[in-house]
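Open the model in a viewer and keep the selection panel at hand.

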Amino acid sequence: MAWQRLLLLAAAVALTVTAGGAAFQFEEATLESIQQGFKNGSLNSTALVRYYLDQIARLNPKLHAVIEVNPDALGDAARADAERASSSGGRGLLHGVPVLVKDLIATRDRLNTTAGSFALLGSVAGRDAGAIVLGKSNLPEWGNMRSAMGLHGWSARGGQAMNPYVLKMDPCEASTGSAIAAAANMAAVTLGTETIASILCPASANAVVGIKPTVGLTSRSGVIPFTLRQDTVGPLCRTVADAVHVLDAIVGYDDLDAEATMAASQYIPQGGYKQFLKIDGLRDKRIGIPNGFFHFETKTGLVYKQHIETMRRLGANVIENLNIENLSVSRNTTTSGFAVAAPAEFKINLNNYLSNLSYTPVRCLADIIAFNIAHPDEEKLIEYDQQLLLLSESTRGIGPLERAAIHRMEELSANGVEKMMKEHCLDAIFTPDSSVATVLAYNGLPGIEVPAGYDENGVPFGVTFGGLRGYEPRLVEMAYAFEQATKVRRPPTI
C-alpha cells in the first residue's frame, strides 16, 4: 500500500457537537480522541472539517501555511459521517479525519498540485487516488529549487510561511506549511516529503513530530520529485502516536514505484508500527551521541544534556564522543557530490513526472524556465533568479561525473554513519534539531524528529533519533518513550 491509502481512508474543516453535555475539545485533538468523539457522539466529521476550515480562515492570513483548501471538503465529510452511521465498525483511526498534504503530492480533484509555483496551475494528475484532502500546504517553490539554496518558506502561490511560535523566525525547509498547520491546529494530520531535511527541519522549528521514513517505505508515485534516491513521504503530526498511525497507513508496495517499495517492504513489521508505541521504549537501547553536533556550553545545549540524562535514567545505554568518518564532507552538499548529481536527477525526474500528467501547461523543465521568464513578478525572478534551474536544464543525463558523485555519497554513508552504528551496535544516534539530515539522506536512512524545548526567544527546537534502513520500529520506541518522559510540546498562542 502506498501513501495514497491514507487519502483513501480520510475525509477531507466549527460547529461543536455535544454528547451528554460534554463538548469535544478540538485544540490538540489526537486521532484517538477524534475517533472516541465519533464513537460517543460528541463529534462528527462535518464539525471537525468546519473547525479546521475556520482555523485556516483565521490563521492563514498571518501564517501562510495553506495554499488552497478543498472546495469539496464539507461534502466529503458528510459522506464520511453517512458511512459511519451505516456501519457498526471496522473503520480505522484515520476514517473521517481531515488530511492536509504538501503541494508536491498530486491529487486528482479540484485542488491544484503546483509545488508552490504558478506554472502548474490547472494540471491534472494521471490517475485518481481517491484522494479526499483538506487542502494543500505551502512550501518553498521548487520552480527555482529554492530549498536547495537554503531560502526557506517562500513560494509564489503561498507567500512567506511564518513560524506560529515566533513570527519573525524562519519556519524552515520545504514541508513548512504542513508543519505549521499541524502545530497551529489547522489540521489533525499532515503529510510532507523530504529529500534533505524537509520533514525533520520544519518539525523541529515548529514543535511537531516528523517521521522521515526509510526511502522506499512509502511510495513516491504522484509526488513531484527531486531525486528519487532520497525522496520520501512522511507524516508531520502533534504527537508521536499520531505520526505512527499515519505511517502505518502509508507504507507498503506500490507497483507505480515498484523497485523502491518492493525493496523496502522487507522492513515493514507484521502488525505495523503502532505496536512499538512503548512507554519503556528507551530501556536497554544503545544510543550514540556523535561528535560535531551538540554545543553543550549554550543554554539550549544544557537542555539537550538534561535530555541525555533522562534517557539514561530510563534505561538507555548512551555512548558519547563517537566519530562519524568524513562528517564535514557529508554535511556539505558540494563536497559530498550532491550538488553534482542532484541537478541531473532533478531534470530527469521532473520531466518524467510532467510527461505522466493528464494535462499540464508545462511539459518539461525548459517550459518551467520559460514560464518564469514570462512571469518575473509572480515568480519573483529578480529576487531569487533561477540559476539552479538553468544548471539543471544544462545537464545531459547521468554521466561519469554524476555516477561518481552518487558513488561518493553512497560511500560517505556506508563508511560514515552506517559503519559507526554497526561497529558500536547502536539502535539510534541522537542529534539536535535536523543537523543530521544530510548524513541520513544519501543512503535513504530514517529519522524521527521530536520536540525538545524552546529557546530564550520562545523558538522551538527538537531532537532527531536517526537509524539504519528499516530501523523504524526501534526509532518509534525511543521517540515515543522520550516524548512521554519529557512532554515538551505546547500549542502556540497565536
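Contact here means heavy atoms within 4.5 Å. The model is a predicted one.

**Stop 1: helix α13**

Select residues 365–374, which make up helix α13; Leu-365, Ile-368, Ile-369, Phe-371 and Asn-372 are buried there. Look down the axis of α13: the buried residues fall within an arc of 160 degrees, so they line one face of the helix. Now show what covers these buried residues, which includes α12 (338–355), α14 (381–384) and α15 (387–393). On the face of α13 turned away from the buried side, pick out Ile-373 and Ala-374, both exposed.

**Stop 2: the nonpolar cores**

Which residues have the most contacts inside the largest nonpolar core? Select Ile-34, Met-186, Met-311, Phe-430 and Phe-465; the core they belong to has 127 residues. Helix α8 (residues 240–250) gives the most to this core, contributing eight residues. Another core, of 13 residues, lies apart from it, and Val-166, Ala-182, Leu-236 and Val-459 are among its members.

Return to Ile-34 and display its surroundings. With neighbours within four places in sequence left aside, Ile-34 is in contact with Phe-24, Ala-29, Leu-43, Leu-48, Val-97 and Ala-188.

**Stop 3: aromatic pairs**

A pair of aromatic rings is described by the distance of the centres and the angle of the planes. The count for this model comes to 13 aromatic pairs. In one of them, Tyr-51 and Tyr-52, the ring centres are 5.2 Å apart and the planes stand at 65 degrees; over 60 counts as edge-to-face, so this pair is edge-to-face. Colour the two by accessibility: Tyr-51 is buried at a relative accessible area of 12%, and Tyr-52 is buried at 0%.

Next, select Phe-294 and Phe-430. Their ring centres are 5.9 Å apart and their planes are at 25 degrees, so the pair is stacked. Phe-294 sits in the loop between β11 (286–290) and α10 (299–313), while Phe-430 is in strand β13 (residues 428–432); the pair links distant parts of the chain, 136 residues apart. Both Phe-294 and Phe-430 are buried.

**Stop 4: arginines over rings**

Which residue lies over the face of Phe-38? Select Arg-84, at 3.7 Å from the ring centre. To finish, select Tyr-454 and Arg-490: Arg-490 lies over the face of the Tyr-454 ring, at 3.8 Å from the ring centre.

Conventions
Residues are numbered from 1 along each chain as its sequence is written. This is a predicted model: local features need pLDDT of at least 70, side-chain atom pairs count only at pLDDT 80 or more; totals for chains, interfaces and linings use all residues. Side-chain values use heavy atoms; hydrogens and water are left out. Buried means under 20% relative accessible area, exposed over 50%, partly exposed in between (1.4 Å probe, protein chains only). Helices (H or I, at least four residues) and strands (E, at least two) are DSSP runs, numbered from the N terminus. The arc is that of the directions from the helix axis to the C-beta atoms. A nonpolar core is a set of buried Ala, Val, Leu, Ile, Met, Phe, Trp, Tyr and Cys residues joined through side-chain atoms within 4.5 Å. Rings of Phe, Tyr and Trp (its six-membered ring) pair if their centres lie within 6.5 Å; planes under 30 degrees apart count as stacked, over 60 as edge-to-face and the rest as tilted. A charge sits over a ring if NZ of Lys or CZ of Arg is within 6 Å of the ring centre and within 35 degrees of the ring normal.
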